[in-house]
Every structure is written in structure tokens, then in C-alpha cells.
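Student: Please take me closely through the aromatic contacts in this model, and through the part of the chain that follows from them.

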Amino acid sequence: MTERLWARTILKGTASGPVLASPEALSFWGGVDPATGRIIDVHHPLHGQTVTGRILLMPSSRGSCTGSGVLLDLALNDRAPAALIFADPEDVLTLGALVAEIFGHTLPVLRASPEAFARMAGATRIAITAETLMADDQPIELRAAEHAALALSENDMAMLKGRDGPATAQAMRILCAMAAQQGAEELIDVTQAHIDGCIYASPANLTFAQTMADMGGKVVVPTTMNAISVDHEHWQIQGVPDGFGSPAAQLADAYVKMGCRPTFTCAPYLLDTAPGAGEAIGWSESNAVIFANSVLGARTAKHPDFLDLCIALTGRAPLSGVYLDAHRKAKLVIDVALPQNPDGAFWPLIGYIAGLLAPDRIPLLGGLASAHPGRDELKALCAAFGTTSAAPMLHIEGVTPEAADAVDPDTPAVVIDRALMASTWKKLNAGPAQIDLVAIGSPHASLAECRALAGALDGRPIDDAVTLILTVGPETKARISADGTLARLNASGVTTVSDICWCSISEPVFPPTAKTVLTDSGKYAHYGPGLSGRNVRLGSLADCVAAALTGTAPQRLPEWLET
């Protein structure tokens, strides 16, 4: 063995199996079907492969925090990878494997040196024991887990020992384990939490939540809830099968029972409880985390599902990552060649490309300040960035609050030019021009976006062959009902749905006969094909309105890319 061929144990276990290696990170939620273990992300190089029983190697995970729930479900149903080996630090799938261990399923997790990762990625089979690691016939040094000493306060120790009940004690055990693997030396108080694990990605999410609720778990900080998987009050009327609707509603109810506020939105930054600059919070949901860190200047790691509840039950989070000043610096400068008069589709496109260029690091985007992006443009950019990158934040020169001090002089730089924009646009618009369904509200639409849609339709009726669905949070729906916007949308034939968002919508709310979708969301343009099995195209709000009225999407580059 050479000194450079080594891997470190993150979670112990024994496993062997064929290698499945990828140079690109993967989101298990929206990227792996929990019912089969098949990779469904059509944009991923491993699309169509199955993770079950394989030694899965990839740089890290990316995208959704819900990947931990998908991995837990795979483990509980014997469809998980045999082991996970990463090149970079990783939290989401590691947490899923940690919780699987609590339920009696062991899934080894390793982190490898670059040389060992490359060697193992080229192997046919890998075998892992408590003390050895073999890639084909090549031994790889297996190092023990390396954890900093975690200093717990008296209150932490009391929670850990069961003072506040078994659910809180379990939450503290999980928090301590994750803090140790992150290298945290202490925990930090948070002022609020946001739960992502309320999405019914799999039965495992319900198993975990009900277990913690039955153990008497109660949140100790104000806690909002992500979009859920059904319209809580109307799913039966909407024809959702009981086999899905009932457990999805039960999952939401379990979190409400533990004291969470039923906000049911993937855009908690739109609520009146949005955090301020410098505020330490414990949020999950990738787009929300990136917006909170980047735009609001709050501080939160991209906490995985399950850890979000542990934070809410204790009011504590590991002091690591972007909670610390040193880890909020940009590691890549991305200069954007700003086109003339870009429309709304520009922002998710740039976020999507930025994530591809910075899959594992925080970038600083330059060249955008003169376009004066508002909150909705930044929302679209952050959501798309979180789809293709594992980073919990970004900076935009002249726009976001920490950008001025975010970059060192020797930081490497790349460029997003017209050619890259055009090629990525074509990649996200490969489907047919005939549109059956228009998807607005991923993340949930703001009040201003709802009003803009109503104004663009201007009372004109949607084509009989097209369905336009707008997803919003319950609070936004109440506001558009009160100010008349909802009536205007109804008059044009828009279906407005609350509680769920496009990344959790399912049939029959998703029209079963629809074949091609047009969306203004970079996030849904990426995840939609895998989640729905349909063609999904990206466009501006104007494109979406035109398609809703005519049934046809533009078959051209946007004008700002052509000129």
C-alpha cells in the first residue's frame, strides 16, 4: 500500500459487491427511485443503473436534503447500496445511513483520498470489513474515524441522558454522531428550525416521524414545515388514492403533533418569521437553505432530513460548516456575460449552470448587479443552484450581503458565456413543442409572482388541451384569495394548489394524460423528468403563459441569447 491509498471510516460495517462509480454527485431524492433502487435522474451519467447491492462511489451527494429519507427507505427494504464511498465531506446520505443503523440496518460509509477514490472507481469489486478494504486484489489502507472532541454543555448532557424524554435523548445522540463526523467541537443554539422530512418521499419518513412522536418528542424552538406531499385538507376530494394520501397526511400530522407549525411551504423565507442577517437557524430544504445563507445572510448548514427534527427537538446544531465565518468564503469566481434584456428564465438558467461549475464549493457570481435582481429572481437562481450543487450558499457581487468580503485575490475564476448558456438551454429544452401542462411554483410562488401570472393572463382562458397548475404555500393562498388575485386566476382556468409543490406532486393532481410540461423553474426542469416520467422544458413566465393559451412552447432560443 502507498501512503496516498487510504480511506477513512465514517460509519463502520462489513460489505462487498460490484462497483458503481460516478464522477458526478447525485441527489437520492429525485435521482433514485426508492421502490426499485434505479437512478431516475435523466441528466446524470448513471441514469438507468441500479444502486442496490453496489458499492457506490461518488464525490458527494447534491441537491435535496430528503436524500437521507430515500436512503433509509432503501435500507429498510433491502434495496440500498452495499456501501457508500465519497471523495468529499458528505452529510445527507451519511445521516440516512446513521438512522438506518438505529433501525438495525448497517451501511458502511467511507471517505477516500483522491488516489484511493480513483483506484476504487476503476475496480470491479470492493470488499470492506472492520479493519480491511480491498479493491479487487489491491489493499487500501483503512483508517479509523477521526473525530474532534465534542464539548457538550450541562444542558446538552442532561438532554442526552434523558431529562427531556427519550425522543430528545435520541435526537441528541444523532446530533452528537453527526457533529463528530463533521468535525464540530461544540453545538450552537438556533433560533428556529424548518422541517424538510415532512415530505412523504418514502414510508421511512413516516416510520421515523411517528417513532419520535410516539416517544413524546416536542420541538423547543419555533419550527416551520416544508411543503408536504398532499393538499392536507383536500386530497380525498382531489382523488388521491388512500394508500398514498393517508400516510402522507399522517406524516404531516406527526410533525404537527410534535409542535411544528403547519406552514407547508418550501419557501419559508416568504413567511413573516424569516430570519435576519447573522441569525443562527436550523433549516432543511435545499433551496431554502441557500436563500437563507445567501440572500438573507442568516446561518444554517444544509441539514439532512431527520437531523432537522433533531435540531428542532433540542434547539441545538453542530457548530461547523457555514455557521463559521471561514467556511462562508467563495472558492470559485464565476463571471457571467450578462446579455441584454434577459427575461425571468435567465435566473434559473444561471443558477443551474453555476451549480454545475461549482458542484462542491461556494461560488461568487459576478456581472449580475446591473440587472438588479429582486427576491423572486434570486429565489429562482438559488433553487436551480441547489439542484446541481452540494454547496449551501453562493454570493453575488454587488447583490448579496456578504459578497464584498467573500473572495480572496487568488481564487480561481471561470466564465459563463453565451455559448454555455445556449448549450444548457438546449439541454433543458429537448422535449416536444406541444405542451399539455404548465408548472408554476417550484419553489412556491410568492404573492408578487401570483399577481404577475394573473396580470399576464389578463382574464384570457387557458387552452382546453392545457392544464396550468400553480403551487403556493397556505399563507400565500390566503393572501391572493383576500386581494382578488385568486379569483382572477380562477377566471382564466388556473388550478391553484397549496401545501404541495411541484417536487412533491403526484397523480391524479398531476394530470395523468399530460406528456410534456413547461415550467419556469430550473429546479423542476431538472427533477421533473425523473419524478414524473414526462418531458419537461424550461421557459420564462411569458413562455409559460403563451403555452397555456396556445398549447405550444417556443422552439427557439430566448431573444436575449440570440442577440
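Tutor: Searching the whole structure gives nine aromatic pairs, where rings of Phe, Tyr and Trp (its six-membered ring) count as paired if their centres lie within 6.5 Å, and planes under 30 degrees apart are called stacked, over 60 edge-to-face and the rest tilted. This is a predicted model, in which local features need pLDDT of at least 70 and side-chain atom pairs count only at pLDDT 80 or more, while totals for chains, interfaces and linings use all residues. Residues are numbered from 1 along each chain as its sequence is written, and side-chain values use heavy atoms, with hydrogens and water left out.

One of the pairs joins Phe208 and Phe306 in a tilted arrangement, 4.5 Å centre to centre with 50° between the planes. This pair links distant parts of the chain, 98 residues apart, since Phe208 belongs to helix α6 (residues 203–214) and Phe306 to the loop between α8 (286–296) and α9; helices here are DSSP runs of H or I with at least four residues, numbered from the N terminus. Both Phe208 and Phe306 are buried, that is, under 20% relative accessible area with a 1.4 Å probe, protein chains only.

Helix α9 itself (residues 307–314) has eight of its eight residues buried, so the helix is largely enclosed by the rest of the structure. Among these buried residues are Leu307, Asp308, Cys310 and Thr314, and just after α9 the backbone at Gly315 takes a positive phi of about 75°.

Elsewhere, ring pairs link Phe346, Trp347, Trp425 and Trp560 into a cluster, and within this cluster both Phe346 and Trp560 are buried.

Notes: Buried < 20%, exposed > 50% of the residue type's maximum accessible area, 1.4 Å probe, protein only. Helix = DSSP H or I, 4+ residues; strand = E, 2+ residues; numbered from the N terminus.
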